[in-house]
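Please read the following briefing alongside the sequence and the three-dimensional model. The points are grouped by topic.

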Amino acid sequence: MGAIRSKILRLAVILAITYGAAVAALFVFQDQMLFPAQNASALQFDERFEQIDIVTGDGETLKALFLAGNDKKPIVVRFHGNASAPVFERDTAIVLQEAGFGTLLTTYRGYGGSTGEPSAAGLKLDALAAVDWAAARSAKRPAIYAHSLGTGLAVHAATEREVGALVLEAPYDELVEVAAGLYPWAPVRTLFRHNIAPVDQISSLNLPVLMLHGNRDDIIPIRHGQALAEAGGGNVEFVTLDGAAHNNLQRYGSLARAVEFFTELPAE
C-alpha cells in the first residue's frame, strides 16, 4: 500500500507541475497569442491606394492604406482581426469603392510596420485615431466595418466619436470570456491582462448596427455575438451565416451584406 501511495503522490506532483507550467506559459505568452502582430507591411505597393501615417493620441504612428470613394458617401474604416494587416484587406476596400465608399484600412500599434506594442488600452487609442483621421477627411460621419478583435474596438470608437453605422463580423461580448472558453482548464479570468468588453458599451449607442456571425465559428462561438447583440437592443440587426466559420465570413456573403447595409443608410 505504501508503494502505491508513493506512486500516486509522485503522479500528483508531476500533474501539478505540468499544470502549473501550462498556466504559467499561458500567462507569459498571452500577448503573443492575443496580438500575433504580422510582419507583412501595410505599405506593400499598390498604386490604387494612398499610403497613410496616422498619429495616435499617445504618439504612436500607424501605417494604413486609403482608397478614395465618392465624396457623397462616408468613409468606411476597416478594423481587422488579430492576425491580419491592411495589406490583406485590399480586396475588401476595392469592393467598397466600387459601391462608392472610400475605405481606410487601418491597423494597430505593433502591426504592419506601425510603432509601439499592442495592448487593450493602446488599441483603443488606435481606433480613435483612425476614426478621427476619417472624420477629418470627409464631411460625412465615418462608418466602421470590423472583424473579430476589431469589433470591440469599433464599439469603443463609436461610443467616443460621431460614427454613422457599424458592421461587426464575428463580434464578441468580452475578450476574457472568449479566452475562458478556449482554455477552460486555466484560471483565465484571473490571468487575463487585455480585456476589451464591448458588452459594457454597446447599449449606449444610438446608431444602426449590423452583426454577422457564422454558426460554425470555433474561435469566437456565435453565443458571444448573440450576447453582444442582446445587450445592444433594438438598434442591432443580427444575422447568422449558416455554415460560416471565423475567417471565411465574406465567402458566405458578409461583405455583400455590409455594402447593402451601408448603401441603405439615410442621407445625412
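**Helix packing and overall architecture**

The axes of helix H3 (residues 90–98) and helix H9 come within 10 Å of each other and cross at roughly 35°. Axes here are lines fitted to C-alpha atoms, for helices over the stretch in contact, and angles run from 0 to 180 degrees between N-to-C directions. The model is predicted: local features need pLDDT of at least 70, side-chain atom pairs count only at pLDDT 80 or more, and totals for chains, interfaces and linings use all residues. Residues are numbered from 1 along each chain as its sequence is written, and side-chain values use heavy atoms, with hydrogens and water left out. Helices (H or I, at least four residues) and strands (E, at least two) are DSSP runs, numbered from the N terminus.

**Contact of H3 with H9**

- The crossing of H3 past H9 is right-handed, a term that applies when the near helix is turned clockwise from the far one by less than a right angle, anticlockwise being left-handed.
- Thr92, Val95 and Leu96 of H3 meet Leu255, Val259 and Phe262 of H9; contact means heavy atoms within 4.5 Å.
- Five of the residues in this contact are nonpolar, one is polar and none is charged; Ala, Val, Leu, Ile, Met, Phe, Trp, Tyr, Cys and Pro count as nonpolar, Asp, Glu, Lys and Arg as charged, and the others, Gly among them, as polar.

**The sheet**

- An open sheet of mixed pairing is formed by eight strands in the order S1-S2-S4-S3-S5-S6-S7-S8; two strands pair if DSSP finds at least two bridges between them.
- Strand S1 (50–55) and strand S8 (236–241) each have a single partner strand and stand at the edges, so one side of each is left without a neighbour in the sheet.
- From one strand to the next, the twist averages 20°.
- Strands S6 (residues 165–169) and S7 (residues 209–214) pair in the parallel sense over four bridges, and Leu166 stands opposite Val209 in S7.

**Val209 and its surroundings**

- Val209 is buried, with a relative accessible area of 2%; buried means under 20% relative accessible area, exposed over 50%, and partly exposed in between (1.4 Å probe, protein chains only).
- Beyond its neighbours within four places in sequence, Val209 is in contact with Leu166, Leu168, Asn235, Val236, Glu237 and Phe261.
- Val209 and Val155 lie 54 residues apart in sequence and 9.6 Å apart in space, C-alpha to C-alpha.

**Nonpolar cores**

- A nonpolar core is a set of buried Ala, Val, Leu, Ile, Met, Phe, Trp, Tyr and Cys residues joined through side-chain atoms within 4.5 Å.
- The largest such core has 46 residues, and those with the most contacts inside it are Ile54, Phe79, Leu104, Ile144, Leu166 and Leu168.
- Helix H4 (residues 120–137) supplies the largest share of this core, nine residues.
- Another core, of 20 residues, lies apart from it and includes Leu96, Ala170, Leu241 and Ala258.

- Most residues other than glycine have a negative phi.
- Ser148, in the loop between strand S5 (143–147) and helix H5 (149–160), has a positive phi of about 55° and is buried at a relative accessible area of 7%.
- Ala170, in the loop between S6 and helix H6 (175–182), has a positive phi near 55° and is buried at 0% relative accessible area.
- Pro266 lies in the segment after helix H9 (254–263) and is exposed, with a relative accessible area of 67%.
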